[in-house]
Amino acid sequence: MKKKVGFKTLGCRLNQFETDALASRFVGLGYEVVEDSKDTDVFVVNTCTVTNQSDQKSRYVVNNALNSGHSGMLIITGCMANHHKEKLEQRYPNAYVVGNEQKSAIPQLVEAHFHKEIVPVNQNKGGVFSYAPAADTFHTRSMIKIQDGCDNYCTFCIIPKVRGRAVSRPVNEILKNIRLVIGFGYNEVVITGVNISRYKHEETNFSGLIKQIVDLDLDFRLRISSIEPDSFDDEFFELLKHPKITPHLHLCLQSASESVLLKMRRMYTYKLYKRTVDRLREIDPLFNVTTDIIVGFPEESESDFQQSIEAVKDLRFGHVHTFKYSKREDTRAARMTNIVSEKEKTRRSELLRQEARQAKLNYRQQFIGKQQQVLIDTIKDDYSKGYGEYYIPVKVNEKLAKNRLYNMQIVDIELNGEDPCLIAEVVAK
Ligand code: SF4
């Protein structure tokens, strides 16, 4: 009987990429791969540590698996495994706690475990780019890792501590990976990394890499997803007009107050951010800009906060992920005084969320009457769902094929819920 390996992934797309690659490797080794811990021989929790809440969620997944009777091999990996390695080893003495640098070697670790070999976790070679292109994944889009780590040291962020210094994957490996996954049948490729705009491999910078990707003589669409707003050059703006590149970027703003941005040690001003969004909307008036905003950063005044509220109205974001500032030990912001109370953070977060909900609805309503090419990722008995070029969920009341692109006419929008879906009819199959 096949051995069963379960996965649970928290956090960002980079973690999702790494889980997908591991899952695909396990399929290749003859394992059955599932998305929970039930009846599994191995359960891998790919954790996140970006906020206190991420730590809590990661621990909850581990505890939940153990409380539900998981008695197989337990592997805790990801950023929390780097950040809290010793604590986790004490708390879960039977678990393997595997840092990000060794994560790619988890299949070897599991095989060794079942062959009763003793493999010290930290001696596994692994490597942050040693993931084979994944054929069997949990996703309809193929995520491609181009970069890892970050040298920015924003004052609130623990990620440089757990992901290390910025490193870039060689161009030829990235292009080869893309060729292979398109051959596996993927229609969309998503670029991932911690700080992808800092990509630099030998003479190739980020724009140079994107140019080589879109020049591949293959039929696919490219999603750039999350990028820091500080390093756009003219060449990149030009590239964004390319038909293979989807008109959506997740540009983390964090705050619209110049003084808070300075205290966060972000590498841009709000003025530059706004100019960037304006240029994106010159390329395409519907360009989808989504963002993250932190409320309640130390010393954030009411007037600083109001500037973030105004930005949400002004910049017509397609989605805003609102975070209450979460103190991370070992960061510079953790030593700042004049902290904002939890109650006040909650108030600000609620107000920002309300504004963001309205902005999202206003943004999405503009698509009624327009066409979208939708990549179907969810099939239910009476409807199918997917995402169009602009990364907005689209629903159609018929059963379609998963992982296929359909041209659709947007006829309406669902008004209930946090994530209003566009309603569409298929115009071409
Ligand atoms: S750019 Fe700043 S927020 Fe983003 S990973 Fe680097 S240090 Fe963290």
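Predicted model: local features only at pLDDT ≥ 70, side-chain atom pairs only at ≥ 80, totals over all residues.
## Domains

The chain is divided into three parts, with domain 1 covering residues 4–123, domain 2 covering 142–365 and domain 3 covering 371–428. When the centres of domain 1 and domain 3 are taken over C-alpha atoms, they are separated by 33 Å.

## The sheet

An open sheet is formed by 5 strands, which follow one another in the order β2-β1-β3-β4-β5 and pair in parallel. Because β2 (32–34) and β5 (96–98) stand at the edges and each has a single partner strand, one side of each has no neighbour in the sheet. On average, and with direction ignored, neighbouring strands of this sheet are turned by 20 degrees against each other.

The pairing of β1 with β2 can be followed in detail: β1 spans residues 4–9 and runs parallel to β2, to which 3 bridges join it. Within this pairing, Gly6 has Val34 in β2 as its bridge partner.

## Helices on the sheet

Helix α1, made of residues 13–28, packs on the sheet and touches β1, β2, β3 (42–47) and β4 (73–78), while its direction makes about 175 degrees with that of β1. Helix α2, made of residues 52–67, lies across β1, β3 and β4, and runs at about 165 degrees to β3.

## Around the ligand

The residues around the ligand include Cys150, Cys154 and Cys157, together with Asn152, Tyr153, Ile159 and Pro160.

Note on methods. Residues numbered from 1 in each chain as written. Near = placed C-beta within 6 Å. Domains from an automatic or database assignment. Pairing = 2+ DSSP bridges. Helix = DSSP H or I, 4+ residues; strand = E, 2+ residues; numbered from the N terminus. Axes fitted to C-alpha atoms, helices over the stretch in contact; angles between N-to-C directions. Contact = placed C-beta atoms within 7 Å.
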